Structures are given as C-alpha cells and as structure tokens.
Amino acid sequence: MSLPAGQKSADLFKRMKGFELLGTKEHPSDFSLIRAEYINTRIRLLALLFSVLTPLWIPVDFLILPDGTFLSMMLARICLSVSLLALWFRTSFTHSLRRARQRLIILMVIPSIFHLATQMILGDYLKDESLASYTFLPFLIIAIHCVFPLTLKEGALLAFLTIFALSVDEMIHGRFLTLQSLNTLWLLGVIMGIAVWAQLSQLHMQLKLFEKATTDSLTGLLNRRSFMHQAETELNRSERYARPLSIALLDLDHFKNVNDTHGHQAGDQVLIHFSGLLKEELRSTDLIGRFGGEEFIIVLPETPVHEAEKVLERILDNCRNQAVRYDGGVVNYTASAGLGELVSDIRSSLHAVDIALYQAKEQGRDRLQRVPEQNQPEMNTYNKL
Ligand SMILES: Nc1nc2c(ncn2[C@@H]2O[C@H](COP(=O)(O)OP(=O)(O)OP(=O)(O)O)[C@@H](O)[C@H]2O)c(=O)[nH]1
C-alpha cells in the first residue's frame with residue numbers, strides 16, 4: 001500500500017491521472033495514514049450516534065407492536081445499540097488503513113444483521129402500511145456510505161458486501177430476484193451509485209488538499225514542513241536499523257542576477273529545471289524539498305556521505321553544463337551545496353550543512369563543501385559501528 005518515502009514529492013501527483021481514485025497504490029503513505037484516521041473518526045461518530053438513536057424508538061415500538069413482537073424488537077434494538085457502543089468503544093484512534101477498513105465493514109454488517117432480525121421478527125406485520133418505515137433501514141445504511149472518502153475498489157467492495165448482507169433476508173424467504181426484490185435492489189443500487197460518487201469526490205478533494213499542503217506549487221517538490229516531517233521519519237528508520245543517511249543543502253548561485261537579467265519568469269524556469277535535475281539524479285527513495293526561494297534540500301537514505309558526494313558532484317556538473325532556454329534566450333546557472341551526515345538531531349545536522357554551504361559560497365560558489373568531521377553533530381549508531 002505505501003510508497004517509498006521519497007516518492008511523496010508532487011511529482012507523484014502529476015503521475016496520478018485519476019488512478020488515485022481507483023485504488024490506494026498511488027497514494028502517498030502519509031496520506032493513507034491521514035485517511036485511515038479520518039475514516040476511523042467517522043466510524044466512531046456514526047456508531048455512537050446510532051447506538052443512542054436506536055433505543056429511542058423503543059416507546060414507538062411499544063405503542064404500535066403487539067406485546068410478543070415488541071419484546072423481541074426491544075431485545076434486537078438493545079443488541080444493536082450495545083454492539084454499536086462496543087464498536088465505538090473499541091474503535092480507538094488508528095493509523096492503519098487496514099484496521100479502518102475492517103471497522104467500516106463491521107459498521108455496515110451490524111445494522112444489516114439488525115435489519116435481518118427485524119424482518120424476521122415482524123414477518124407478516126410488515127404488510128401493514130403503517131409499519132412501512134421498518135423496511136427503510138437498508139436505504140439508511142447505504143446512505144451512510146456517502147460520508148467516507150473511499151477509492152472505487154473500496155467503495156465497490158463495501159457496496160457489494162452491504163447489498164449482499166441486506167439481501168440475505170430475501171434469499172431466506174425465497175424472494176430473491178423476484179420482481180419486487182429486483183425493484184428494491186435497483187433502488188438500492190442507484191443510491192449506492194450516488195454514494196460511491198460522493199466517496200470518490202471526497203477522496204479527490206482530500207488528495208488535492210494534501211497535495212497543496214505538502215508540496216511546493218512551482219517545482220512540485222516537498223515543501224519545508226512536509227520535508228522536515230518525512231526527514232524525521234527517515235532519521236528514525238536509519239537509527240533503528242543503523243543505516244547511513246546523508247543530508248545536503250543546495251543553493252543556486254547569484255540567483256538574484258538571473259532574475260534581474262532575464263526576468264522573474266525565466267528565474268522560475270531555472271528553478272523548475274533544477275528541480276528536474278534533482279528528480280532525475282536522485283533515487284525514488286530519496287527526499288527532495290524546496291526549502292526556500294532558491295534553496296533546496298535533499299536526504300539520501302542508505303547512502304554514506306562519500307557516496308552522496310558523487311551524486312551531488314554529478315548534479316552540480318549537470319547544472320553547469322545544461323543551459324535553460326527561455327523566450328529565445330539562454331540562461332546558464334550554477335549551484336553550491338553543503339553535504340553532511342544526518343544524525344540524531346535534524347536541526348543540528350541542518351545547521352552543519354548550512355555552514356558548509358556558506359563556506360562553498362565563500363570559496364567562490366559552483367562547488368560542494370562537506371561538513372568537516374569536527375563540525376559533524378554527534379555520530380549516529382551507524383557510524384559508531
Ligand atoms: N524567479 C524566482 N525568484 C525567486 C523565487 N524565490 C526567491 N527568488 C529570488 O531569489 C533571489 C535570491 O537572492 P539572494 O538570496 O541574494 O541570493 P543569490 O543572488 O542567489 O546569491 P548567492 O546565494 O549568494 O549566490 C532573490 O532575488 C529572490 O527574489 C521564486 O520562486 N522565483
């Protein structure tokens with residue numbers, strides 16, 4: 001389900017082309033965690049709401065149902081209410097999409113069983129028009145599907161399971177696929193279609209918001225906040241498995257001159273070009289972020305500094321040799337970089353590569369400066385080995 005950490009740049013969103021609505025394969029793993037939590041919150045709310053509303057109908061049952069039937073209905077309502085309350089109680093906060101999906105199925109199955117029970121309890125009484133409302137529950141269950149942001153696959157599977165559960169009663173009584181049951185199925189199907197549409201619209205909206213919140217609109221790279229969050233995750237992973245992790249800060253040289261000479265839009269093209277170079281040269285598992293105006297940051301998991309150095313030299317070399325064509329003109333540019341190891345504290349590692357970058361600029365720009373051993377913040381587990 002989840003993608004490699006570095007593949008969460010906005011580049012990803014450009015590749016999507018609608019497939020993100022089909023299944024979760026194209027979803028950034030961070031997005032899936034947020035969606036799981038969102039779905040879970042709604043399950044909790046609905047479970048609590050219906051566990052309270054269901055027993056409130058008991059006085060109405062008392063007034064309109066014969067004694068024996070009333071008692072069975074009351075028992076069914078109490079069972080439904082208690083089951084939903086248990087679901088609410090057990091549905092604690094989750095970051096697992098799989099768990100959220102399981103809970104969603106349970107949320108649909110519990111009232112479907114209640115519906116089956118009520119149809120059996122009420123039996124022939126249901127022919128009485130005044131009890132028509134007791135047959136409406138399937139429509140309510142399906143309408144509830146609208147509140148979840150689901151992919152087409154998830155929505156279709158949930159729809160199938162729900163309609164199947166709701167049809168068990170018809171099957172038991174041999175009414176399945178009769179004209180009357182087909183009529184009901186058709187209506188349920190139409191409402192389900194609308195529900196799936198609502199689910200997809202919600203998912204689409206959430207993906208767009210996630211994209212806007214996590215990426216830089218010009219270059220499509222991770223924005224600073226999102227980058228820091230993912231770098232933290234990478235750092236934890238590297239510490240846990242004692243793996244090397246490199247970090248580099250890159251800055252375009254005399255970028256103000258580019259803007260002043262060729263115009264701001266040409267400057268934008270240079271930024272886009274440089275982002276393209278980074279994406280080309282780095283692995284899909286690397287993190288790339290735009291840190292500020294013409295400043296970029298990268299984290300290279302599983303890469304010791306001497307390996308990262310080769311990659312960065314290649315990037316700076318490409319920069320030097322590839323001109324950007326804009327509006328009939330040609331813009332040449334170079335970049336400088338500070339490189340070091342990402343160790344236990346991101347801020348101090350960042351500070352160290354920032355100083356190295358400053359030194360690269362001081363020494364004439366268009367070059368790479370490694371963080372000297374003595375300036376490197378406290379070693380991580382990998383280096384202690
Ligand atoms: N076109 C464009 N320019 C930007 C953007 N963000 C920041 N800038 C410009 O980047 C320039 C950065 O200038 P400085 O901080 O002086 O740095 P510099 O000219 O690159 O000089 P050195 O870093 O010392 O080599 C400023 O002129 C900003 O206006 C952007 O999104 N698009």
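## Ligand site and overall form

A backbone N or O atom of Leu 252 lies 3.2 Å from an oxygen atom of the ligand. The model is predicted: local features need pLDDT of at least 70 and side-chain atom pairs pLDDT 80 or more, while totals for chains, interfaces and linings use all residues. Residues are numbered from 1 along each chain as its sequence is written, and side-chain values use heavy atoms, with hydrogens and water left out.

| Protein atom | Ligand atom | Distance |
|---|---|---|
| Asp 251, side-chain N or O | oxygen | 3.0 Å |
| Leu 252, backbone N or O | oxygen | 3.2 Å |
| Lys 256, backbone N or O | oxygen | 2.9 Å |

The protein buries 67% of the 670 Å² that the ligand exposes when taken alone; areas follow the Shrake-Rupley method with a 1.4 Å probe.

Around the ligand are 16 residues, of which His 254, Phe 255, Asp 268, Arg 290 and Arg 365 come nearest. A residue counts as near if one of its heavy atoms lies within 4 Å. Strand E1 (245–252), helix H10 (255–262) and helix H11 (264–281) each give at least two residues to this shell, and H11 has the largest share, with four.

The chain has 14 helices and seven strands, taken as DSSP runs of at least four and at least two residues. Its radius of gyration, over C-alpha atoms, is 29 Å, well over the 21 Å that the globule rule gives for 385 residues, so the chain is more spread out than a compact globule. That rule is 2.2 Å times the number of residues to the power 0.38. The C-alpha atoms fill a box of roughly 95 × 55 × 30 Å along the principal axes.

Definitions and conventions: Polar contact = N/O pair within 3.5 Å; in protein donor to acceptor, adjacent residues only side chain to side chain.
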